[in-house]
Amino acid sequence: MLLEAGLTLASELSLPIVLQRIVDLAAQVTDARFGALGVIGDGGELVEFITTGVSAKQRRAIGPLPRGLGVLGLLIKQPRAIRITDIASHPDAVGFPANHPPMKSFLGAPVQAMGRVFGNIYLAGKRSAPKFSQEDEESVVILATQAGVAIANATLYAETHRRELWLNALQDITSAILAGSDVESLLAGIAEHARDLAAADSASILTTSSTPGQLVVAAAAGAQAAQVRGQSFPASSSISGGVMESGRPLVTEDATTDRGAYQPMIRLGRVGPAIFVALRVRGRATGTLMVANLKGGRKFDRETVRLVETFAAQASVAMEYARAQADVQRVGLMEERERIARELHDGIIQSLFAVGMNLQSTALTSGSPETAARVEASVGELDKVIRDLRNYIFGLRPGILADRQLDQALRTLGEEVQANSGSMIVVEVDSDLAARLSGRSHEIVQLTREALSNVARHAGAKNSAVRLVRAGPSAVLTIEDDGSGFDPRREFGGNGLRNMRERASALGGTMRITSKNGRGTSLRITFPVSVDRAARPARKRSTDRATTRRGMGR
């Protein structure tokens, strides 16, 4: 039977199955009614307890895992085989928990794998005799030796499989970057791979937000992902904030009892055992990677922590490369828009202007008043065409965006309006979000310019604020002032509000106005961060037509 047991164990490479078979074979070889294999964790306590002879219902009734005290603790303290005739009469016995089946005779032996004590085999209640024999003890020792080899093989196989998953994850992330995936999709992929690598219930990536001192869940995968994605929380009262500040990973066995955790988020994600690792680029923490099991779930071992740390380091490099690639694309787009605007201004407009000058000269030399009038009318039409072209140039290259990023452009715009109006203007922009919106920078700047212009001309405000932040899959542009306010329903017919609504619609979003006489005004424009590429040409044409009708946006 021992020979067959050795062959059976050697044929299996799945560690959970190997552990269960060890318990079953040990009970079978010794004719034991009950059997268990306790896996010893890094702290010398039992972290896993595989049983036979006890039903699932009985396991639930007994409650939490044993802590390795009493008779069970003997093998942990002194790893050698032990036989006991009556457990209850042993001096180290601490009794059984409620709902535990009665047990009398006991036999235990340590299982060593890869040079250390992996765990212990526990057997109780020999069916055919009042106690276990010397032969039973020798058989269990032999089985424990075979089990150690089987566990070592299964552990090495599991480690090889993990490394394969790790390499595949890095390959997938690299392929996503080279394929031009956006940062949002990239982060979602990193979270999913981290969850797989750690065999965890969930994984989240938490990054800094546009609001100072706040972190946001930029990506989430697994359990409770939809509930936590996009949520923000204070860095100062969270584990993630502490990890970003120290740069050291943190492992908690139960986040719900950790004083450093932000409990509203922990409860929302139902987080139990968790690993927090900082995402760092060029020595600066940009966020954290968290992998977790649900409350009451399996604790993470040191090997898993090391694997998550290594993956987080590689993921940080990938994220930075993706951001750099997005910046290169943004610069390329801006350069192309600059080129088109330059061609329109230096080529077509100058040519049209020359034609207009020649026509005016012809009108002056014409002896016919009717001919002169018709020529002047044609010159007037050319002037309209030139104005339309200038509007297109303004849309392609707002002067404020010529050599700046969107976040810089909005801040510069605020400074310009503040200098001209004398009112205080605060600008807060999520830089990462601004980089993702670079393709629509001119529309956002135009809308903000028009809103601030209306504030400066009509509101009489002392303070104004411009904010561009992210809210889940959407971007939110808010322009607020403490001015005189107005009734939006009564003044909706004005061109200014209608123009801004059209611009918001061109962004694929909506604009909501909140204002009362004497209590200031708030404009909130909400639009998607990612725009359906198929819809972009139609929106752009719509924007161009609107720009043509409005002239310079007034």
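Student: Taking buried to mean under 20% relative accessible area, exposed over 50% and partly exposed in between (1.4 Å probe, protein chains only), what share of the 554 residues in the protein is buried?

Tutor: Buried residues make up 45% of the 554. This is a predicted model, in which local features need pLDDT of at least 70 and side-chain atom pairs count only at pLDDT 80 or more, while totals for chains, interfaces and linings use all residues. Residues are numbered from 1 along each chain as its sequence is written, and side-chain values use heavy atoms, with hydrogens and water left out.

Student: How many helices and strands are there?

Tutor: The protein has 16 helices and 16 strands, where helices (H or I, at least four residues) and strands (E, at least two) are DSSP runs numbered from the N terminus.

Student: OK, cavities next: how many of 30 Å³ or more does a search of the whole structure find?

Tutor: The search finds 1 cavity of 30 Å³ or more, and the volume of the largest cavity is about 220 Å³. A cavity here is a set of points, on a 1 Å grid over the protein atoms alone, where a 1.4 Å probe fits but cannot get out; points are joined across faces, edges and corners, and the volume is the space filled by probe spheres set on them.

Student: And which residues of its lining lie nearest the centre?

Tutor: Of the 22 residues that line the largest cavity, Leu 206, Met 265, Ile 266, Val 271 and Met 290 lie nearest its centre, a lining residue being one with an atom within 4 Å of a point. Two or more lining residues come from each of S6, S7, helix H7 (225–228), H8, helix H9 (263–269) and S10, and S6 gives the most, with 4 residues.

Student: Since S6 came up, how does it run relative to S7, parallel or antiparallel?

Tutor: S6 and S7 run antiparallel and are joined by 7 bridges; strands pair if DSSP finds at least two bridges between them. Leu 206 stands opposite Val 217 in S7, and this Leu 206 is one of the residues nearest the centre of the largest cavity. The hairpin has 5 residues between the strands, and Gly 213 in it takes a positive phi near 80°. S7 also pairs with strand S8 (residues 232–234), in the antiparallel sense over 3 bridges, and there Val 216 has Ser 232 in S8 as its bridge partner.

Student: What do the buried residues of H8 pack against?

Tutor: The buried residues of helix H8 (residues 239–246) are Ile 239, Ser 240, Gly 241, Val 243 and Met 244. They pack, by contacts of heavy atoms within 4.5 Å, against strands S6 (202–208), S7 (214–222), S9 (250–252), S10 (271–281) and S11 (284–294). After H8 comes Gly 247, with a positive phi near 80°.

Student: Where does Asp 31 lie, and is Ala 199 buried or exposed?

Tutor: Asp 31 lies in the loop between helix H2 (15–30) and strand S1 (32–40), and has a positive phi of about 60° although it is not a glycine. Asp 31 counts as partly exposed because its relative accessibility is 26%. Ala 199, in the loop between helix H6 (183–198) and S6, has a positive phi near 50°, and Ala 199 counts as exposed because its relative accessibility is 51%.

How values were computed: On a 1 Å grid over the protein atoms alone, a cavity is a set of points where a 1.4 Å probe fits but cannot get out, and a pocket is an open set with protein on both sides within 12 Å along at least five of seven lines; lining residues have an atom within 4 Å of a point.
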